[in-house]
Amino acid sequence: MANNEQNYEEPEIIYIPDEDGNEEEFEVIMKFEVDDSDAKYMMVVPLISENEDEDEVYAFRYTEDGDDLQLYTIDDEEEWAIVEETFNTLLGELED
């Protein structure tokens with residue numbers, strides 16, 4: 001009898017507090033590093049979206065120290081452009 005077990009990875013879920021201090025659940029869809037940089041980035045999507053028709057993807061720079069995860073918003077336009085380009089390139093490679 002063949003083994004029908006699928007190679008399914010459990011999604012990585014993180015909790016990010018909103019402006020009111022309520023923790024919202026997000027699924028990590030991609031982690032990557034940018035060439036010529038030590039910075040690490042992650043792309044996340046909300047698990048519960050208020051507008052189901054719109055897929056919002058959020059990007060953060062992050063650091064990890066053991067189980068401690070620190071997220072940083074990307075405010076610099078130049079850094080954002082690099083992250084967006086890298087994400088789109090990696091996404092294109094996954095679709096091929």
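Residues are numbered from 1 along each chain as its sequence is written, and side-chain values use heavy atoms, with hydrogens and water left out. Because the model is predicted, local features need pLDDT of at least 70 and side-chain atom pairs count only at pLDDT 80 or more, while totals for chains, interfaces and linings use all residues.

Select residues 40–46 first. This is strand β3; strands are DSSP runs of E, at least two residues long, numbered from the N terminus. Six of the seven residues in β3 are buried, meaning under 20% relative accessible area with a 1.4 Å probe, protein chains only.

β2 and β3 run antiparallel and are joined by seven bridges; strands pair if DSSP finds at least two bridges between them. Val 28 stands opposite Val 44 in β3. Six residues lie between the two strands of this hairpin, where Asp 36 takes a positive phi near 60°.

Finally, show the side chains of Phe 26 and Tyr 58. The structure holds two aromatic pairs (ring centres within 6.5 Å, using the six-membered ring of Trp; planes under 30 degrees apart are stacked, over 60 edge-to-face, the rest tilted). The rings of Phe 26 and Tyr 58 are edge-to-face because their planes stand at 85°, with centres 5.8 Å apart. Phe 26 is buried at 8% relative accessibility, whereas Tyr 58 is partly exposed at 30% (partly exposed lies between the buried limit and exposed, over 50%).

Terms used
Helix = DSSP H or I, 4+ residues; strand = E, 2+ residues; numbered from the N terminus.
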